[in-house]
Amino acid sequence: MSNIVLIGFMGSGKSTIGKKIANKKDMKFIDMDFEIEKLENKTISEIFKDYGEIYFREKETELLKKVLTSENAVISTGGGIIENKENRGILHKEENVIWLYADAEKIIKNIKHEIYKRPKLMEAKNLEEYIEKLLKSRHSKYKEVSNIKVNTNNKNIDEVMSDILVYI
């Protein structure tokens, strides 16, 4: 089976759902943010603080190219992976790129206890406004590279997983 690549905004459920699908389909699970933290021996927040977002995005592109050579894997990408044009080109060629869509309300609910882990949110003065703006700016990029959009609003993990499994 080919890889399944999950894209979407932070807090849309990529890691949680990715693990469950990998488990159910007997596939490897790769969480790109976790892998970058392992490679750099720093948290994403520390990487952003110490080296900046451009450095992080470069590492993300290197890792994306590497993980896509895996077979039979569910890959959870970082929420901003689509910000880089090269990444969008790479993802556009993949067979199963699934966009987990969530609105700002759902995202805030999912991440409210871990804002400190998310460098883009720590600087936000009005969280909801900031997320709305970022969601809007990324919408067309997620749409551009995904083969399917799965709305996660008002759905539990099993319902989202079922939508994905029906597609693949």
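Predicted model: local features only at pLDDT ≥ 70, side-chain atom pairs only at ≥ 80, totals over all residues.

Residues are numbered from 1 along each chain as its sequence is written, and side-chain values use heavy atoms, with hydrogens and water left out.

Let me start with strand β4, residues 97–101. Helices (H or I, at least four residues) and strands (E, at least two) are DSSP runs, numbered from the N terminus. Of the 5 residues in β4, 4 are buried, so the strand is mostly covered; buried means under 20% relative accessible area, exposed over 50%, and partly exposed in between, with a 1.4 Å probe and protein chains only.

Which strands pair with β4? Two strands pair if DSSP finds at least two bridges between them. Strand β1 (residues 4–7) runs parallel to β4 and is joined to it by 3 bridges, with Val5 partnered by Val97 of β4. Strand β5 (residues 148–151) is also parallel to β4, over 4 bridges; here Leu100 has Val150 of β5 as its bridge partner.

I turn now to backbone angles. Most residues other than glycine have a negative phi. Asn41, however, has a positive phi of about 55°. Asn41 lies in the loop between α2 (32–40) and α3 (44–51), and its 69% relative accessibility makes it exposed. Asn72 likewise has a positive phi, near 60°. Its loop lies between α4 (53–67) and β3 (73–76), and at 28% relative accessibility Asn72 is partly exposed.
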